[in-house]
Amino acid sequence: MKKIVVNQCKRLEGVVSVPGDKSISHRAVMLGALARGQTVIHNFLMAEDCISTIACFRALGVKIEQNDGVITVRGNGLHGLQEPQDVLDCGNSGTTARLMLGILAGQPFFSVLTGDSSLRTRPMERVVKPLTQMGANFSGRQNAKLLPLAVQGKELKGIHYQTPVASAQLKSAILLAGLFAQGVTVVEEPAPSRDHTERMLRHFGAEIKVDKRRVSVKGRPDLTGQQLIVPGDISSAAFFMVAAAIVPQSDVIIRGVGLNPTRDGIVEVLQNMGADITVFNVSDQWGEPMADLRVRGSVLKGVEIGGDIIPRLIDEIPVLAVAAAVARGKTVFRDVGELRVKETDRIAALGAELSKFGVNITERHDSFTVTGSTSLTGAVCDSHGDHRIAMAMAVAGLVAEGQTVIEHAHSVNISFPQFEHALKSLIVE
Ligand code: S3P
């Protein structure tokens, strides 16, 4: 059982880079597999979630090689996937499962998808419903609401679908199915979710139109293999952003962070809380912006967070709750019910773990409030099998008196295997 041990530290100083963006890495393999010709992916995230995606596509007959951190996908074109001989295992990865369901819906074969004990509890109905309307057949437990799911792909037809939640996994599943459908597929969301699928589809040659919250894709495009550099993952950078912001006198530079406007809500919120963040060296990778960030320690104040910004920082809420735990006053997180259906129930996990540090946190169904405190006490925490809870608690340990231990910390391998090493390289004893 892996543990991460963190002591209260004086300050953080130095330069770090974070591994490639998880959402973009998944999509690069998926679109590479559906394109004609070779796709070369630099700075691919070699972590468990994305390895699950690679394994699924290999099982569907796609040749994928790895050489010195560069992934080469040899695409067979839109209609080049083969029926898998065995069950496809998505591990812990919701993105793999939901986006794969979209792709498998349009295949002329049968397949079965499953995942680990966490993923088998997560809602799949949101994806199964529109894909069934497009023409695919699904069967599984509780009326095909949960993995394992059997998919009988069909000839699909384009639909116009209004999603009940702002979920990029749901939107992307429909758009990917739309690639195989007759006509145009349109998705409308209640608030904008991350748009990596749209940006990458355009880069691979699909006809994509975006009008505020409405996205449409024309079916049966010719996708062509591409060269891609994956920007650093802002969701991994978030741990260092908050760490540097809350440890007094810190001065940290994080290099090459993806700053897609549908993902950068954490920068805005931390700045509103009083954090000292400078964005510089801004560049663009095939339509995905990235930059370096400099974060210095400062005194933070509580804020209210809710509404349309939530999808722009959904995965950063665990570590933002740690920032709130040391901020002056209260921080209210509203409209965050989706946290209940992530890798674990993140509202419950934050309540259980932050209170071990002596933090006052009160939860309701789709909101929670953290009252900041000047003195946290080191604690023995549990990751709840969730990578982002493990890393967020390690950040809390930097400002808690004494020692903090995070148990079941192997879950960091889902998105950031080098996390402990990178964090410790910044600590000034
Ligand atoms: C993701 C979308 C988000 C996010 C997840 C990755 C994606 O999930 O929380 O970590 O890559 O599309 P939802 O679509 O469920 O909001």
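This is a predicted model: local features need pLDDT of at least 70, side-chain atom pairs count only at pLDDT 80 or more; totals for chains, interfaces and linings use all residues.
Reader: Hello! Which residues surround the ligand?

Author: Welcome! A residue counts as near a molecule if one of its heavy atoms lies within 4 Å of it. Here the ligand is surrounded by Ser23, Arg27, Thr95, Arg98, Ser167, Ala168, Gln169, Arg194, Ile314, Asp315 and Lys342. Sorted by class, this shell has five charged, four polar and two nonpolar residues.

Reader: How do I read the polar contacts?

Author: Look for pairs of N or O atoms within 3.5 Å. Serine 23 has a polar side-chain atom 2.7 Å from an oxygen atom of the ligand, and a polar side-chain atom of arginine 27 also lies 2.7 Å from a ligand oxygen. With alanine 168 the backbone takes part: one of its N or O atoms is 3.1 Å from an oxygen atom of the ligand.

Reader: How much of the ligand does the protein bury?

Author: Start with the ligand taken alone, which exposes 390 Å²; the protein buries 95% of that. The space that the ligand takes is the largest pocket.

Reader: Which elements give two or more residues to the shell?

Author: Those are α1 (22-34), α3 (94-105) and α6 (168-180).

Reader: And why does the ligand lie between the two domains?

Author: Check which domains supply the shell. Domain 1 (4-20 + 231-428) and domain 2 (22-229) both give residues to it, so the ligand lies between them.

Reader: What about the backbone? Where is there a cis peptide bond?

Author: Follow the omega angle. From leucine 147 to proline 148 the peptide bond is cis, with omega near -5°. Proline 148 sits in the loop that links α5 (141-144) and β9 (149-152).

Reader: Which residue other than glycine has a positive phi?

Author: That is lysine 212, whose phi is near 55°. You will find lysine 212 in the loop between β14 (208-211) and β15 (214-218).

Definitions and conventions: Residues are numbered from 1 along each chain as its sequence is written. Side-chain values use heavy atoms; hydrogens and water are left out. A polar contact is a pair of N or O atoms within 3.5 Å; within protein, one must be able to donate a hydrogen and the other to accept it, and residues adjacent in sequence count only if both atoms are side-chain atoms. Accessible areas come from the Shrake-Rupley method with a 1.4 Å probe; for residues, only the protein chains shown count as cover. On a 1 Å grid over the protein atoms alone, a cavity is a set of points where a 1.4 Å probe fits but cannot get out, and a pocket is an open set with protein on both sides within 12 Å along at least five of seven lines; lining residues have an atom within 4 Å of a point. A molecule sits in a cavity or pocket if more than half of its atoms lie within 2 Å of its grid points. Helices (H or I, at least four residues) and strands (E, at least two) are DSSP runs, numbered from the N terminus. Ala, Val, Leu, Ile, Met, Phe, Trp, Tyr, Cys and Pro count as nonpolar, Asp, Glu, Lys and Arg as charged, and the others, Gly among them, as polar. Domain bounds come from an automatic or database domain assignment.
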